[in-house]
Amino acid sequence: SVPAGLHVPPRRHDAGMKHLGDLLATFPLPAAAAGPAAPLGDAHLVHELGADLPAGHLHVWGGPRGAGKTSFLLSLLQGAALRGRRVVYASYHLAAPRLALRLLAMTAGVEVEKLATGDLDPNLVPRVASARALLERLPFHLLEARGMSVTSLEDRLVRLPFRPEVMAVDYLQAVIRPDGQDLGGALRALSAQAARLHLAIIVALQASEVPTESVVHHADRAGWLAPVGGDGVRRAEVIRNRYGPGQAIPLRLDEISGTLERLAD
């Protein structure tokens with residue numbers, strides 16, 4: 001549930017910045033009769049992930065295409081927002097409405113394509129309506145950041161009418177293109193940005209294999225997310241950590257809905 005007394009910042013935003021609630025309001029739903037509240041996947045896991053994002057630090061999560069990085073970052077930000085932290089998801093490749101729809105599907109535990117096409121089982125409408133009511137109250141914004149460099153991204157952040165506390169950048173290769181930086185240069189710049197703004201920054205990095213030391217040493221925490229078998233199972237493993245013990249997080253990211261679940265060790 002949303003923390004009692006949570007202050008949601010005003011829904012004033014500049015071009016390209018959308019509040020999650022405004023985006024979700026554009027998805028029509030049939031009238032919902034009273035029904036069960038939406039499951040929050042593994043609610044304990046989502047809250048735990050949102051807590052483990054200290055301000056001023058850079059977090060980098062690598063993985064191959066299709067490893068579930070976007071769903072994982074959405075889960076991290078949702079957990080932080082549920083704890084009352086103001087979050088921004090800076091997307092360099094997916095439109096904000098599509099990301100909002102994916103997060104709604106993850107929270108309700110339904111297939112995202114069913115939501116996109118409106119082909120939703122009437123019995124699931126109460127769950128989706130409950131999930132939307134939860135999400136639209138969170139201090140969660142989405143920024144379509146295509147074409148922004150690290151510098152222009154910071155310029156946008158400091159001009160917002162609220163102070164963000166956690167930001168996801170999806171994905172690193174797109175951030176370096178406007179300025180022609182290498183990965184190391186972009187990571188150094190993002191790390192400095194996190195410190196200056198006292199902001200936790202989480203970056204997705206597309207990689208076919210575990211990033212080299214020359215890349216990950218710029219991050220305060222670096223992790224690797226990859227499939228470990230069938231049935232949609234991924235394993236999120238911390239490979240570098242400057243502020244605490246490393247840990248492996250066995251989890252399942254459902255291939256269709258993106259639902260996040262903890263697996264037994």
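**A walk through the helices and the core**

Let's start at one residue: methionine 167 is in contact (heavy atoms within 4.5 Å) with Val88, Ala90, Leu153, Leu157, Gln193, Leu199, Ala200, Ile201 and Ile202, leaving aside its neighbours within four places in sequence. Before going further, note that this is a predicted model, in which local features need pLDDT of at least 70 and side-chain atom pairs count only at pLDDT 80 or more, while totals for chains, interfaces and linings use all residues. Residues are numbered from 1 along each chain as its sequence is written, and side-chain values use heavy atoms, with hydrogens and water left out.

Met167 also belongs to the largest nonpolar core, which has 85 residues. A nonpolar core is a set of buried Ala, Val, Leu, Ile, Met, Phe, Trp, Tyr and Cys residues joined through side-chain atoms within 4.5 Å. Buried means under 20% relative accessible area, exposed means over 50%, and partly exposed lies in between, for a 1.4 Å probe and protein chains only. Together with Tyr89, Tyr92, Phe140 and Ile201, Met167 touches the most other members of this core. Which helix gives the most to the core? It is α4, with nine residues. In soluble globular proteins, nonpolar side chains tend to be buried together.

Next come the helices. Helices (H or I, at least four residues) and strands (E, at least two) are DSSP runs, numbered from the N terminus. Two packed helices are described by the angle between their axes and the distance between the axes. The axes are lines fitted to C-alpha atoms, for helices over the stretch in contact, and angles run from 0 to 180 degrees between N-to-C directions. Angles under 35 degrees count as roughly parallel, over 145 as roughly antiparallel, 65 to 115 as roughly perpendicular and the rest as oblique.

Look at α4 (residues 96-108) beside α3 (residues 69-82): their axes come within 11 Å and cross at roughly 75 degrees. These two helices are therefore roughly perpendicular to each other. On the α3 side the contact is made by Thr70, Ser71, Leu74, Ser75 and Gln78, and on the α4 side by Leu99, Arg102, Leu103, Met106 and Thr107.

Helix α4 also packs with α6 (residues 125-135), at an angle of about 120 degrees and with the axes 9 Å apart. That angle makes α4 oblique to α6. Here Leu103, Leu104, Thr107 and Ala108 of α4 meet Arg127, Val128, Ala131, Arg132, Leu134 and Leu135 of α6.

For another arrangement, find α7 (residues 150-158) and α9 (residues 183-197), whose axes come within 10 Å and cross at roughly 15 degrees. This makes α7 roughly parallel to α9. Val150, Leu153, Glu154, Leu157 and Val158 in α7 meet Ala186, Ala189, Leu190, Gln193, Arg196 and Leu197 in α9.

Finally, visit two single residues. Serine 91 is found in strand β3 (residues 87-91). Is serine 91 buried or exposed? Serine 91 is buried, with a relative accessible area of 3%. Not counting residues up to four places away in sequence, serine 91 touches Leu99, Leu143, Glu144, Ala145, Arg146 and Asp170.

Alanine 219 sits in the loop between α10 (213-216) and β7 (221-227). Alanine 219 is buried, with a relative accessible area of 0%. With residues up to four places away in sequence left out, alanine 219 touches Leu58, Val60, Arg240 and Arg242. Alanine 219 and leucine 187 are 32 residues apart in sequence, and their C-alpha atoms are 7.1 Å apart in space.
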